[in-house]
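Okay, thanks for coming, everyone. Let me put the structure up and then we'll talk through a few spots.

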Amino acid sequence: MTRALSRAPHLELAARCLLLVLAALPLGCGYALVGRGSNIPDSIHSVYLSPLENATRRSEVEQILTRALAEELVTRKRFTLVNEASQANAVLAGKVVGFDTTPLTFDDQGRATEYQITITASMAFRDRAADKVLWQNDRYIYKESYQVDPSEQRYFDREKIAIEEAAGRFARTVVIDLLEGF
């Protein structure tokens, strides 16, 4: 009987704690799902993605970033992507303003074995009807590293793969920032 009495307070305390937790569940924790808030007017349903401008010496970088942005916008399904600015409620435009390649590591003969690319871009989202910039960010910086075998001649193929990987992260960040109004 002594054991039954000593367990009863523990069971009662556990039951009270469980009831307290269950009662607090509907109150929530104050967090909201990502992507629910937006500064974009409800009237914007269609977007024209203007091909990015390239202010760098690296060819194709703007094409790779534009393609990644288009894929991300289509994947998110928030807007309909249209082929002409005149059909759109808004325009997403930008410019690649920087592209650098920096060697990171070297072999014992002084040849680079790893490089890092740095891509800098400026983006803006404009409401066509109001002729008003809804969102803009002038300093997107993306870096990607890649290995190089100094004896191989396929250096540029690996650089392009690194650009494509950075472009995917760039596109995700731009679209999330755009949708959430950061």
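This is a predicted model: local features need pLDDT of at least 70, side-chain atom pairs count only at pLDDT 80 or more; totals for chains, interfaces and linings use all residues.

Residues are numbered from 1 along each chain as its sequence is written, and side-chain values use heavy atoms, with hydrogens and water left out.

Let's start with Pro51. It sits in the loop between strand E1 (46-49) and strand E2 (53-54); strands here are DSSP runs of at least two residues, labelled E and numbered from the N terminus. Is Pro51 buried or exposed? Exposed, because its relative accessibility is 52%. The cut-offs, with a 1.4 Å probe and protein chains only: buried is under 20% relative accessible area, exposed is over 50%, and partly exposed is in between. Pro51 and Ala70 are 19 residues apart along the chain, with 9.7 Å between their C-alpha atoms.

Now over to strand E5, residues 112-127, where we find Thr120. Thr120 counts as buried because its relative accessibility is 11%. Leaving out residues up to four places away in sequence, Thr120 touches Lys95, Val96, Val97, Gly98, Arg139, Tyr140 and Ile141, where a contact means heavy atoms within 4.5 Å.

Ala121 is in strand E5 too, and at 1% relative accessibility it counts as buried.

Notes:
Helices (H or I, at least four residues) and strands (E, at least two) are DSSP runs, numbered from the N terminus.
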